[in-house]
Protein chains: 2
Amino acid sequence: MTETGFQQAVIPESFAGQVAQIAAFIARYHGTMETRAVMPSVDPGAVFDTLPSRAPESAEPFDAIMADVEQIILPALAHWQHPMFFGYFPANASAPAMLADLLCAGLGVQGMLWQTSPACTELEMRVLDWLGELIALPKAFLFGTEGASGAGGGGVIQGTASEAVLSTMIAARAAHGGTSAPHHTVYASTQAHSSVVKAARMCGVVAEHVRLVPTSSDLAMDASALQAMINADIAQGRAPAFICATLGTTSTGAMDPLASIGPIAQRAGAWLHVDAAWAGSAFVCPELRAPMEGIEHADSFNFNPHKWLLTNFDCSCLWLNGQARREQLINAMSITPEYLRNQASESGKVVDYRDWHVPLGRRFRALKLWFVLRMFGAEGLREHIKADLAMAQWLESQVHEEPRLELLAPPSLALLCLAVKAADAPQANAHTRALHDWLRNDGQAVLTHTTVPDGSQAGRYGLRIAIGSPATTQAHVVRLWNLLQHGLDAVIGASTSV
Amino acid sequence: MTETGFQQAVIPESFAGQVAQIAAFIARYHGTMETRAVMPSVDPGAVFDTLPSRAPESAEPFDAIMADVEQIILPALAHWQHPMFFGYFPANASAPAMLADLLCAGLGVQGMLWQTSPACTELEMRVLDWLGELIALPKAFLFGTEGASGAGGGGVIQGTASEAVLSTMIAARAAHGGTSAPHHTVYASTQAHSSVVKAARMCGVVAEHVRLVPTSSDLAMDASALQAMINADIAQGRAPAFICATLGTTSTGAMDPLASIGPIAQRAGAWLHVDAAWAGSAFVCPELRAPMEGIEHADSFNFNPHKWLLTNFDCSCLWLNGQARREQLINAMSITPEYLRNQASESGKVVDYRDWHVPLGRRFRALKLWFVLRMFGAEGLREHIKADLAMAQWLESQVHEEPRLELLAPPSLALLCLAVKAADAPQANAHTRALHDWLRNDGQAVLTHTTVPDGSQAGRYGLRIAIGSPATTQAHVVRLWNLLQHGLDAVIGASTSV
């Protein structure tokens, strides 16, 4: 019998040195970030064409790969961690999360069942309790002292808010009977994230039964319009199954009124899901929790620490309100073939997270949340949010003093949505687009746009400024403000000419 | 105006040293793996109860966290990378993938759209072409020289095979008209993975319309039974929408006959998805590709490099057969709100991967596949597979010479499914369970079980031995074989007594 094992050790001698090289690369990347344009200037297909058309037959040296990272990959990245990146929503990365991601990869465990790595499951249960408490979720959303056997709903890490809304919509549908959904209706505001409509489509809700509820002037859901739609649906024999309320819409950060929506959902027997993907991070600060009023009516609550809470993607946290909702989710998602049966699961004393979402396999993602919560501490997280808020407030005050600009919606946390003022909406839109083009052309800062409804078909073209990158300081926001003024000068002329 | 930015640098001075500590920890963890029991001995709730009930208010030192990793986490992990782990399927981790995971975290980019990080998208396109070619997928499954604009289907990294089957089932349903699926039928063998039934449930296929096709004696789908079921459904006015063929079932590694199923799917107009989650890795070896015969009939093909191809979880690769299938997937999944619109997407010259799956956000997972393909080279990957196969074949030959054991199914690649021989099935099941209990109690090796159909209601209790951990060598398989013999001696007596 000869030794036929794969001859390379899992962790070769070279590993420590290569890890150190990557650590140095990361430090240099962040340290020199500002020397790079935020967005790359690269043609479609350029990277694809540069890379060889086939995999190498023989092993290549690590240094050759790192050289390609430097020369091919870096110039074609959008630098999400750049301090002048104000687009979309932030996608926070942090050193503690990076350390934990390396540890996660190094351990290489698979947490689909409690049985397949108890610590992976139970650390997740615990840090979800920690985080839920930090944002002041009611106790019913936490596992609490009794853990898996308690009356609390508990939390789970999902990959994205899209998966969280899909999972809870499936649970809501199942709770209303049957896997097919011919007469179920689903509600979200016209400003809700596209993932709600996508989830409805994926889980088979009839397209005509997805109701987009009008908003009030603040772009938050109009609760009385929701009530009217539900009444009409019930009168037609349909079954309102699911309502998604958004805290912090993508466009403008609007907060749907939970305190009004909650009782409506309850009377209709509909599952109320709260999507606070971005804004949820802010609720670590007590003074920012006003939008959470009425949260006790929610059946599920989701937010993404991978947006604004210093935890690298992917980390989207979902909590269920009480054991009954937890069981409805599990009942909707659980299928147990023989090869996944085990004593621990059958004891009912453990959580098997595979039944809480779409995928079966799962990484040890709780590690990064644990590292982040401990290495920053609750006060570090609050400081991060408050610093961003202070910068947004400063920027807001500048906009108020600038006659050429206006806010298209009330500022929300660290998100502003602004537009160039003009005689009428079409001209304002043209000017705002021109300002956006000017900024894109200049390249020093990145903003993304949206359309804010104003009753017209076109709506208002708005520039979103989302502050939240850990690298962004007041000096960067001042620089952004100067850029905006230069852009305005170039596009519509100096302030006095308005 | 004062400096109000979050005062901590993204990458603090301490980062390099902490990364080095984790690298050393990982090397030590793998280097001393064999001193640990494969599975932990831990009670439900023990880890949860040990961890503090609330997040720390102030930042804690890194060393305190690493001490808890050592003292609380490690003793409660199942060691999936242990050389004596033969359970479930392997979940390969490797140094190149760990390096890339750290790099991915360090870059912190978000690849939901081409626009939001061109290199993230185009590296993925390229490595999926590399990998597709390595397993000899027909050209129509690759992007090919024309990239995003070509006639090829192309590939995408999904999180798990569960998400791949859900996404393609949704595409199939949409291709058959409508988001609701009242008369659509779905087919998979009785041995298919539970994720197929879960996907059908999630996307709203009526439970009664999920057909589990009987298998032949080799536990592969009986193609004539599939044809008969499809005929019956069509006669009843139902629409066969989706067939999942499995290459390498979870229970015994059975291979559904693609060459027979393909034409049946084509005539029925059903989408044929191939789930080769585990076995797909083996197809890097030309001599192991016989089960791929007929692959040209498939509309989509999926396998998980995170199982048996040295790429850390999560990395599940899905390819579409031709541009038409790619567009059907995208049409089913794409919803574009204003804030995601951009020139690149509208040019049609780029791939926006968010439309290829459930989530919107995405990590730079292509990096780890790229590092793995380059640092091992194609020949390194083949060597890894062949070494595992040689060990499985040696083990098989031992089983054939052992009168107390029998194989419950033909061996498949590096998976064996065996049972204790006895006068009748109930006794054999009792003995095999007893042997499993003995092994669990002994703790030196981990196997998981399954049930193999034998016509009786109980079926046959089988022990699965999945060889595939990069740490496993021939010496470990010999040790496993010795353990099995000791277990047999203890449970049913020495060989001569049979």
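The questions below concern a predicted model and take up its symmetry, its interface, a helix and a sheet.

Q: What makes the relation between chain A and chain B that of a two-fold axis?
A: Chain B is superposed on chain A by a rotation of 180 degrees with 0.0 Å of shift along the axis, at an RMSD of 0.0 Å, and that is the relation of a two-fold axis. Of the residues of chain B, Cys203(B) comes closest to this axis, with its C-alpha at 1.9 Å.

Q: How do you know that the copies meet through the same surface?
A: Of the interface residues of chain B, 100% are also interface residues in chain A, so the two copies use the same surface. In residues, 137 of chain B are in contact with 137 of chain A, contact being judged by C-beta atoms that lie within 7 Å. Helix 13 (residues 366-401) of chain B gives the largest share of the side that touches chain A, namely 14 residues. By class, that side of chain B has 81 nonpolar, 38 polar and 18 charged residues.

Q: How do you know that the span of helix 1 of chain B agrees with its number of residues?
A: Helix 1 (residues 15-31) of chain B has 17 residues, which at 1.5 Å a residue should span 24 Å, and because its end C-alpha atoms are 24 Å apart, the two values agree.

Q: Which residues of helix 1 of chain B are called buried, and what covers them?
A: The buried residues are Phe15(B), Gln18(B), Val19(B), Ile22(B), Ala23(B), Ile26(B), Ala27(B), Tyr29(B) and His30(B), where the term requires 20 or more other C-beta atoms within 10 Å of a residue's own. What covers them includes helix 3 (62-73) and helix 4 (95-107) of chain B, together with helix 1 (15-31) and helix 4 (95-107) of chain A.

Q: Why are strand 8 and strand 10 of chain A called edge strands?
A: In the open sheet of 4 strands in chain A, which has the order 8-9-11-10 and antiparallel pairing, strand 8 (405-407) and strand 10 (448-452) each pair on one side only. The twist of this sheet averages 40 degrees from one strand to the next.

Q: What makes strand 9 and strand 11 of chain A a pair?
A: A pair requires at least two bridges, and strand 9 (residues 415-420) and strand 11 (residues 460-466) of chain A are joined in the antiparallel sense over 4 bridges. Leu418(A) stands opposite Leu463(A) in strand 11 of chain A. Helix 13 (residues 366-401) of chain A lies across strand 8, strand 9 and strand 11 of chain A, at about 20 degrees to strand 9.

Methods
Residues numbered from 1 in each chain as written. Chains lettered and ligands numbered in written order. Predicted model: local features only at pLDDT ≥ 70, side-chain atom pairs only at ≥ 80, totals over all residues. Helix = DSSP H or I, 4+ residues; strand = E, 2+ residues; numbered from the N terminus. Nonpolar A, V, L, I, M, F, W, Y, C, P; charged D, E, K, R; others polar. Axes fitted to C-alpha atoms, helices over the stretch in contact; angles between N-to-C directions. Least-squares fit on C-alpha atoms with pLDDT ≥ 70 in both. Expected span 1.5 Å × (residues − 1). Buried ≥ 20, exposed ≤ 12 C-beta atoms within 10 Å, placed from the backbone.
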